[in-house]
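Good morning, and thank you for coming. I would like to take you through a structure that is new to this group, starting with one detail and then widening the view.

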Amino acid sequence: MHEYETHDFDVIILGAGGAGLRAAIEARAMGLRTALVCKSLLGKAHTVMAEGGMAAAMGNVYSEDNWEVHFRDTMRGGKMLNNWRMAELHAKEAPDRVRELEEWGAIFDRTKDGLILQRDFGGHRYARLAHVGDRTGLELIRTLQQKAVADGIEVFMECKVLRLLRDEQGAVNGMVGYWRPSGKFVVFKAKSVVLATGGVGKSWMYTSNSWEGTGDGHAMALWAGADLIDMECIQFHPTGMVWPLSVRGILVTEGVRGDGGVLRNSEGNRFMFDYIPPMFQAETADSPEEADRWYDDHAAGRRPPELLPRDEVARSINAEVKAGRGSPHGGVFLDIASRRSAEDIRRRLPSMYHQFKELAGVDITAEAMEVGPTCHYIMGGVRVDADSTATTVAGLFAAGEVAGGMHGSNRLGGNSLSDLIVFGRRAGIGASEFAQGRSDVTIDEGQVQEVIEAAIAPFERESGENPYEIQQSLQETMQSLVGIIRTGSELEDALGKIEELEDRAANVALSGGTKYNPGWNLTTDLPSMLTVSRCTAMGALERKESRGGQTRNDFPTPDPEMGKVNFVERIADPAADTSGVGGTPSIRSITVQPEPIPVMPAELQALFEEAH
Amino acid sequence: MAEEIIRSTQSGKVTMRLWRGDEEGGDFVEYVMPAQEGEVVLDVIHRVQATAAPDLACRWNCKAGKCGSCSAEINGRPSLMCMTRMDTLDTTVPVTVAPMRSFPILRDLVTDVSYNYEVAKRIPPLAPREKTADEVEAGGYRMAQIDVERSQEFRKCIECFLCQNVCHVTRDHEENKTAYAGPRYFIRSAELEMHPLDTNDRRQLLQEEQGLSMCNITKCCTEVCPEHIKITDNAIIPLKERVVDAKYDPVAWLGRKIRNRTKKTASEAAALAPAQGPAAVMPPGGVHGIPQPHSGGTTVVVEELVDVDVNVLSDVTETPDPTSPNNPNL
């Protein structure tokens, strides 16, 4: 019998980024015994790296803006694969969620009239992103962190959760994990659980994601019997740093382009004018002169093509590099130095100035940046009910990046931070209402012991695999075969390689004890990384079309029939299979099938038929 | 269409001298690694983990200077490992990385920073005034950019706790921690005190429970701040002035709180502009006797990134390391 400590709450929120913190604040406000459990220290979650802003149709800069325009922009950006109800709720509720942050201590940049300033971003018709310079994610997380602390919410930091626990009816009733500092095991009993675990980017080599983005929530939901949707839809942010190699993938905010920055190839051309897709032709400038007039007055010209949705810009950069017109280190040039004064650049983009100066030795007020696509965000995720965020498993809720549907096949910049606060709050309400209707839960001791036993098994092997090598092989596989441009044969190749890695991961050998041991921490992250990687590759193979964050070289256009379905992945009977890594179900037991997306009601459909 | 994986070029060697151990003791261990272009200290530590020492503990998250997780003392200078480029260090001698000294060691480079989270709980949050009729109609508070810029400077803080680590009120006096908030939380109080909407009076708390007067303005905190926040000049000194004013003249405080919500005079605005102090210069030998590179300890050589080839070149030194972060004499 392995020892562990036990904590008992009504609502447990897993993950302390924007969505988790917002959910906890709401559950606590409803009077429930609420706790936050997170893998790092409080305030370090990946939300902290968001830069440009949070989208909300407040109309502070362009009074013409409203939720209907925001809704339409979001759906078009997502190539209509979005869950329409999530996009509607998001567009309607985001302004109130932003204003409430101000009452909790957030200090946004101001308009001349003293209201919250909003900036332009790709795919948004009006300047809509509330922001603080280029460190909006830090402002969001710090505001929510300080509110959660002031409200007395219990926070359990540096705790890695291994598995969700379920009762005999299959409802989630808790989780088992370990404290990273001590290596000791812990069980949380809960009447409801909110997954707010973020994304999956750490399975790629070049990513803007921190080490925590290993898809824990996606995988644990799947292992608990929940559905995932559209896991093939991965956003490659067009502008990551490319040089030096050690910083390859670190984000360069879209705010650079929103504030006037332009993309050029090695011949000095603003190449984005060559890549305007028919869907966006009517609203995109066709000359640099027209585009430049737009920055000061949106009525004086149409939008610059640099501000097309991210999938379009990332593919265009990729094409320029492949055509031999890239920068010396395999990217393109992002130039703001020749477009804005040094003072303006330092004031509006201080973090970018700092980041390039200190990490690359580049002064962005004097020279162009070298940038290229970086794995940034997963649009797919756990299938949820739009209003309550309930998953398909009783007692389990999901909000933020881990949830799927809101962003369709491609997310607009700025819609992520607003997603966190809109659906974080809704998850807090949904999980609280579920917990209020449930009596005390009892944990199955056998499930707990099995999970602990499997977690420490690598220490009992005399020799075996190095977990870092498995991680590196997985990252190389996903980068080279499941990257921005995909083909069927390479995806099949990738699936075979991921299966081989599953076999190797089951044979990791470790030493050094469980106390703050990063080798062990990584070993326990590998089952989720392998699971979500397999889901992405399978979905990408099945979705035989190009749409948003899924680009198939062998199916280069959108297929209207595929635009009507989600690719749903699930494990039919997860409790029956413990043959995967660390006692989880094997990745080979995941299935994928198309299921129809919810149909938009006529009054919302009409918004797309109006002239604009 | 398979994407090509770009590999680093390797040239020469670099020796990392890393502190290994836990609360019961430890020592520096040397790892000889291939040098690679453009790396930061954290990159090399990750390569040590991936090859020679999979259980080497270090905290990190974003690797972009935004989360403040990877604080350590590099060649004696408290810094972020992710923002310290190897080419700014002298790599002809070993690069020493030790954990932050003011916090209890958990393992290797990881310390227990819970003290900071405890202090944070004791700071009253923003208590905003009521909205005016105009603001209710406009849908939000009105504040001028110039009035929020002082507080915005302090909100750049990434909570790396390097200032808390280096502040010698607590660095050499563990007993002071119960009565002292430290620089990170002085800027938090300053942010709220200078916030145009806040209605709390925080001066008594600062004076009586947070130990503001114990700070003797040596500016060590400002020198190590990776966000270049002028902690001493823009937060601590103005707070000290307010606390003194409050003691002698409560009307002055009230007047300032009211003026903060309206347009400032030119001279007031100038007084509130961020100070333009000289660039921070570290004293030779680092801050307050942090361990410096020396010989001794264990050496491990890593020849390749993936194929682990570990050779112990010298025996472990049996005598306790006089510069160990756990040495109570430091």
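This is a predicted model: local features need pLDDT of at least 70, side-chain atom pairs count only at pLDDT 80 or more; totals for chains, interfaces and linings use all residues.

On the α3(A) side, the contact is formed by A:L89, A:H90, A:E93, A:A94 and A:R97. The residues supplied by α12(A) are A:S418, A:D419, A:I421, A:V422 and A:R425. Sorted by class, this contact holds four nonpolar, two polar and four charged residues.

Let me turn to the place where the two chains meet. Here 62 residues of chain A are in contact with 51 residues of chain B. Which elements of chain A give two or more residues to that side? They are α3 (84–103), α4 (136–150), α11 (350–360), α14 (467–481) and α16 (518–542). The side of chain A that touches chain B is made up of 26 nonpolar, 19 polar and 17 charged residues.

Chain A contains 17 helices and 18 strands. Its radius of gyration is 23 Å, close to the 25 Å that the globule rule gives for 612 residues, so chain A is as compact as a globular protein of that length. The C-alpha atoms of chain A occupy a box of roughly 75 × 50 × 50 Å along the principal axes. Of its 612 residues, 65% count as buried. When contacts in chain A between residues at least 6 apart in sequence are considered, 76% join residues at least 24 apart.

Chain B has 12 helices and nine strands. Of its 330 residues, 47% count as buried. For contacts in chain B between residues at least 6 apart in sequence, 68% link residues at least 24 apart.

Next, a sheet in chain A. Three strands form an open, antiparallel sheet in the order β3-β5-β4. Its edge strands are β3 (54–55) and β4 (118–119), each of which pairs on one side only. Strand β4(A) is joined to β5(A), residues 129–130, over two bridges, and A:Q118 stands opposite A:A130 of β5(A).

Is helix α5(A), residues 216–223, enclosed or open? Eight of its eight residues are buried, so α5(A) is largely enclosed by the rest of the structure. Among them are A:D216, A:H218, A:M220 and A:W223. Just after this helix, A:G225 takes a positive phi of about 100 degrees.

I close with some backbone details. A:D230, in the loop between β10 (228–229) and β11 of chain A, has a phi near 50 degrees, a positive value in a residue other than glycine. A:D230 is buried, with 32 other C-beta atoms within 10 Å. Further along, the peptide bond from A:W243 to A:P244 is cis, with omega near -5 degrees; A:P244 belongs to the loop between β11 (234–241) and α6 (255–258). In chain B, B:K63 also has a positive phi, near 55 degrees, and sits in the loop between α1 (41–51) and β3 (71–74). B:K63 is buried, with 25 other C-beta atoms within 10 Å.

Thank you for your attention.

Notes
Residues are numbered from 1 along each chain as its sequence is written. Chains are lettered from A and ligands numbered from 1 in the order in which they are written. Two strands pair if DSSP finds at least two bridges between them. Helices (H or I, at least four residues) and strands (E, at least two) are DSSP runs, numbered from the N terminus. Two residues are in contact if their C-beta atoms, placed from the backbone, lie within 7 Å. Ala, Val, Leu, Ile, Met, Phe, Trp, Tyr, Cys and Pro count as nonpolar, Asp, Glu, Lys and Arg as charged, and the others, Gly among them, as polar. The radius of gyration is taken over C-alpha atoms; the globule rule is 2.2 Å times the number of residues to the power 0.38. A residue is buried if 20 or more other C-beta atoms lie within 10 Å of its own, exposed if 12 or fewer, and partly exposed in between; C-beta atoms are placed from the backbone.
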